Amino acid sequence: MKLVSPRVWRSTLQNAMSMTSLDEAFASGSLLEPVSAVPSFVDLAGALSAKLGCGASAVSSHQIAVENFIGEAEHIVFVLVDGMGWMLLEQLPSGKFLRTQKKIELRAIFPSTTGCALPSLATAQWPGRHGAPGWWAYLEERDLSIVTLPFQERTSKKSLRDLGVAPSEIWPLVPWLERFQGNAMCIMPTGIVNSAFSTCFRGSTAEQGYRTITEAVDIILSRPAQLGRNSYTYLYLPHFDANCHRHGVDSDQARQILLTINNELERLAAGLRGRARLLVSADHGLIDLPESGNFKLLTGDPLLSLLKAPPTGEPRAPIFHVREGQEVMFKEMFNQRFSSVFALLSTEETATRGLLGPELLSPLARRRFGDFIGIATQAVSLEFQATKMPSNPEHIGQHAGLSPEEMRIPLVVA
């Protein structure tokens, strides 16, 4: 008879309990799986690609359903409102534009965050294929911890360009927009025009910056009259997400900016006068966290000694790159401290469950998603904080998890 050490037995039992809790959460609907009976954000990306004659990485019945919902149009205007989850539309007064237009529910990808969703939009691929893990990433081949979208080294904040890192190392994307034969433009906030990520996201597609939402709408309204057949205009609005992070989802500031966006998009729809199909969607929703739900791993924490780098990904979906031979110890220590609020899955288990998409993990995704992923089962977050670094203000509204508030997103067609 083979004896099992108490440490391994306890770790196995804790992991089984964690899995049971996760299964119960999915069964009860308190957590939602990204691959489901509802079309996904990836299906929307594939539908856009197909509608514009660019093909798609894969075609599903869900994608076809989204294509049929969009309908036929020579000109497509797609507005991505960062953070505008399905349930947040209920904050708008009845009768407002975004509440009354024809819409269907979509499911966000996981991790439900912009850093994962925008590569999915660019490629019509799941995170398990494109390999973008979220706000933080660990480049194991360079032993380098980075902040992805600002394109910086994590601690020093030095530009990755100055360290010899090319954007294509982070996002080796082949945007479907590169295959579009019509007139396309991406309209972005001026602060991210020609950024490392926007260049990878749009490829050679033209880009124009805007300072205000009103200016962005005016730019779009000036386009259709100047174009012949087949055009695509993409507008990215980060304002709602930013207000929810700072003030919370259930705040006057969030409600006011959502109302402003609603009114400007209503003006946009009226100005297009049927000359273009207007689509409005979101990359994810958000959930407010109590202050007590923000857990920190400070410099010197014993868990950090088992890791190659501080946790990456996102605070509500932390990714752990564990030192070789320390996997059992890490799992035991993590579960002892956090199993009541996080389910710890190996990356292989995460992939097998389809949480990173229905396909096998790509080699890049296997590297970027590390060894373990924490799945928040409560309104909590977990992140590294260097004790010698000034702490940032806590985000009240957060995302990247699997709660209905984060995973349910709309597709509005006008």
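The model is predicted, so local features need pLDDT of at least 70 and side-chain atom pairs count only at pLDDT 80 or more, while totals for chains, interfaces and linings use all residues. Residues are numbered from 1 along each chain as its sequence is written, and side-chain values use heavy atoms, with hydrogens and water left out.

**The cavity**

- A cavity here is a set of points, on a 1 Å grid over the protein atoms alone, where a 1.4 Å probe fits but cannot get out. The count is one cavity of 30 Å³ or more.
- The largest cavity holds about 60 Å³ of space. Volume means the space filled by probe spheres set on the points, which are joined across faces, edges and corners.
- Its lining (residues with an atom within 4 Å of a point) is made up of L121, A122, P175, W176, L177, C186, F201, Y232 and Y234.
- The lining residues split into nine nonpolar, no polar and no charged. Nonpolar covers Ala, Val, Leu, Ile, Met, Phe, Trp, Tyr, Cys and Pro; charged is Asp, Glu, Lys and Arg; the others, Gly among them, are polar.
- Helices (H or I, at least four residues) and strands (E, at least two) are DSSP runs, numbered from the N terminus.

**The nonpolar cores**

- A nonpolar core is a set of buried Ala, Val, Leu, Ile, Met, Phe, Trp, Tyr and Cys residues joined through side-chain atoms within 4.5 Å. Buried means under 20% relative accessible area, exposed over 50%, and partly exposed in between (1.4 Å probe, protein chains only).
- The largest core has 108 residues, and V79, Y232, Y234, F240 and I375 have the most contacts inside it. Helix α11 (residues 252–272) gives the largest share of this core, seven residues.
- Another core, of 20 residues, lies apart from it and includes L303, V322, F372 and V380.
- Leaving out neighbours within four places in sequence, Y234 is in contact (heavy atoms within 4.5 Å) with F78, L80, L118, L121, M185, C186, I187, M188 and F201.

- F110 to P111 is a cis peptide bond, with omega near -5°. P111 sits in the loop between β2 (102–107) and α5.
- K157 isn't a glycine, yet has a positive phi of about 65°. K157 is partly exposed, at 45% relative accessible area, in the loop between β5 (152–153) and α7 (167–170).
- A400, also not a glycine, has a positive phi near 100°. A400 is buried, at 0% relative accessibility, in the loop between β17 (397–398) and α15 (404–407).

Notes
On a 1 Å grid over the protein atoms alone, a cavity is a set of points where a 1.4 Å probe fits but cannot get out, and a pocket is an open set with protein on both sides within 12 Å along at least five of seven lines; lining residues have an atom within 4 Å of a point.
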